[in-house]
Amino acid sequence: MKIKPHSGTPAKPLTTPAGTSKRPPAAIDSSPVKKYSDNGQSMIVNGMKSVLALPAGNCRDLYATHPSFVRIMDAQANKILHTISDVLKMHDVKGNFVARDREERFELLQEFNDTILERINSNLDEIAGIKKKHETVLLHSEIQLPVTPRQKVSGSWNESSNSGKSPVVRATLVTGTNIVRPQINFKVPVDNSALNPFVPKIKDKPNSLKPLAVLPEYDEAGNIVSYLHPYEFELDRFEPSKKALKSVEPQEPLDLESTPLDFIDKEDQVAPLLEELRQAKELAIDLEHHSYRTFQGFTCLMQISTRTKDYIIDTLALREELHVLNEVFTDTKVVKVLHGSISDIEWLQRDLALYVVNMFDTGEAAKVLEFSRIGLQFLLKHYCNIETDKAYQLADWRIRPIPKNFIEYARKDTHYLLYIYDRMRNELIEKGASFLQTVYNKSTFLCKHRYEKPVINEDSIMNIYHRSKHVFDQRQMYAFREILYWRDKTARLEDESAGYVLPQHMALDIASKLPREMQGIIACCTPVPSLVRQHLHTLHAIILKAREIPLNKSVPQGIVQQKDTRHKIQSTFDINNPLFCPHDNSQGQGHLETNLPTLLDSRAKIGVCETVVKKLLKECPDANVFGQSKTRTLDEKGRSAVEDSSADESRMIKFIEMQYQKKETDGNVSLNTSLHLSYRDRKFNTPFERHIETYRNRAADEPDPEQQQEPPVVKQEASDAPVKPEPDSQEAKQPSVPLKALKRKEDTTNHRERKKSPTDCPRENIRCRLNRSSRPRKKTTKIKKTTRRTVLLLRI
């Protein structure tokens, strides 16, 4: 339908108050939308005609009697239901549409259609300009910051402290309501995908030594992970000029009120800006950034100052047009002065496709000059005696139009920066000839930084967990990990920051408590984020799945159960090592025994092997020390039990078998009293056990005196001649003592003790005398002597 012009006076072009004509806004090309709507309408009409062509009423009942008709209708109905379910899932409508009743399906479709139609109407009104824009309302909130740092230095004890309360600094946070999201008006949509790396948006390369080539970098699997720096070749070969390394007379900055200011927010203002910047020799640059209501963040404002003029550039409106400034930013003859430029370099690459060559970072210069602080606020106070309110650094720079106090703060960041550059340059030269060159080298290294998208992985999750100082079990750690992955995915889809989707302390609180109900999740969040309310079912499903994980009762990772470090004594060693010593603990982990055998036990024989291999035995010793070791045994005093001259092979084998190998013993003889047990069977761990083992072995050598007094029972044979029992080997060697002599000595001993004992307690004295008289002292002494003689005979 064509609109006819009014029949009255002809239409005149619109004019501004200055008299210049203003063109009407260009018409939007609606042909693709019209074509899409026409196709959709025709498909709807054809579908309605097909539905009306189906049998209905009595005719349908007749058709329903045929099984083939029923089968076809059921298949088509099932196909349509699944198609509708897929469309609803695409728009994040929860629930199983196919499994619901007919009435529930109809209600769900009605709600969905109303939501879609409202969204379409809102978008059409916004495109046509009919939708009213709400005015931005500024909100001011004050916070209190402590003056002194939290961690005091070691010399802070001498600081003067006021008797009253410590003063506080009040900072003002400025934000606004009804702020339109700038991402909506970007010509090139933002790509938040974690699969696609950041691609440099540079289109041309002025001041180049090497042609433009955006080269990718691959990982081991062949995937592109990043791209090379377009100006890396030029930065590697950059050297500051000799003039830049000389001291200059600092040029005082102009007054802020008298300095002209240009606000650049239109495309036709970019070309004059570029012409004016070409004439400058030094540029001061700074950026204002926003990162709370966007995933990657975006640059909102750029300030540029020369010696005579200041510029404020709206980077949101000129996001795709400022790449032409590379002609000045990459010029090696123009010095770019920035402060704390590591973030600014990455933001310029990501949003504006700008790169910097020949930069001087005043933050790096403050580090080289060893200032107590390196912030821009400190430098302004130190060199220019100017106080600045850094609260505007956290302000919402998306607000349009920009308030006046925002512009004043932004101008101060660059207006005095060139004067600070002159002062610091001279101080670096006075400190040393190489310090200024060092600052240029560090600044050039910062220019080589490349922007990379934020990613979340197991390392970043564990860093957050360790910084939180929480201790989670398996269920809590699973919930915390899944919540962070969900937060990252939601932030990428909605183009919101992770802190806006779910703050970190709330995620830790939910993971630590694992609430069973949805209301418990809401109770952990104060205030509740909007995206948490929308995805409450998803978070609840994560927590329920975490609660079903069985707890592992084993020792958690990082807590190693201590093992018993007491090693058992080994009687076998490496016979191939001629320098081996049983008490040497430098032979590696296999011989680091702390309880090595000692000579306290008279029956503990130290040897070099348990089994004797005949091939290893030699008749004559080797003269070479590093030759094959010779098998030797040591007695309790460390002496060789066999002389070298009597090294008979058969005699050596019999001797070692007698000393070290087990022999079959009777069942009546215990292991403790067996004389033929090897040293390994009598091993011990601690010095106290070694001491007890020594006395136990000595006690085993001494026979019981009661058993000696009782005559042994001997079976008599059928012959009439009495058979006398054979005495024991030790008793046979014991000299016979008359009974009268023993009795006479006992009476003499009792008589001496009776004289020494008091007469107060006769009964107790009698008991003591009886106990003392019953001890066979002389017999014990003789038995010990006999034992020693027996050992000496065995040695011989």
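Predicted model: local features only at pLDDT ≥ 70, side-chain atom pairs only at ≥ 80, totals over all residues.
I started with Lys309, which is buried, with a relative accessible area of 17%. (Buried means under 20% relative accessible area, exposed over 50% and partly exposed in between, with a 1.4 Å probe and protein chains only.)

Residues are numbered from 1 along each chain as its sequence is written, and side-chain values use heavy atoms, without hydrogens and water.

Next I looked up the partner of Lys309. I found a salt bridge to the side chain of Glu276, at 3.4 Å, N to O. (A salt bridge is a side-chain nitrogen of Lys or Arg within 4 Å of a carboxyl oxygen of Asp or Glu.) Glu276 sits in helix H6 and Lys309 in the loop between E9 and E10, so the pair ties together parts 33 residues apart in sequence. (Helices, H or I with at least four residues, and strands, E with at least two, are DSSP runs numbered from the N terminus.) Glu276 itself is partly exposed, at 31% relative accessibility.

Then I checked Ile304. Its contacts include Lys309, Leu277 and Phe329, leaving out residues up to four places away in sequence. (Contact means heavy atoms within 4.5 Å.)

My last stop was helix H17 (residues 504-513), where Lys513 and Asp509 are four residues apart, about one helical turn. Their closest N and O atoms are 3.4 Å apart, in a salt bridge. Lys513 is exposed at 54%, while Asp509 is partly exposed at 21%.
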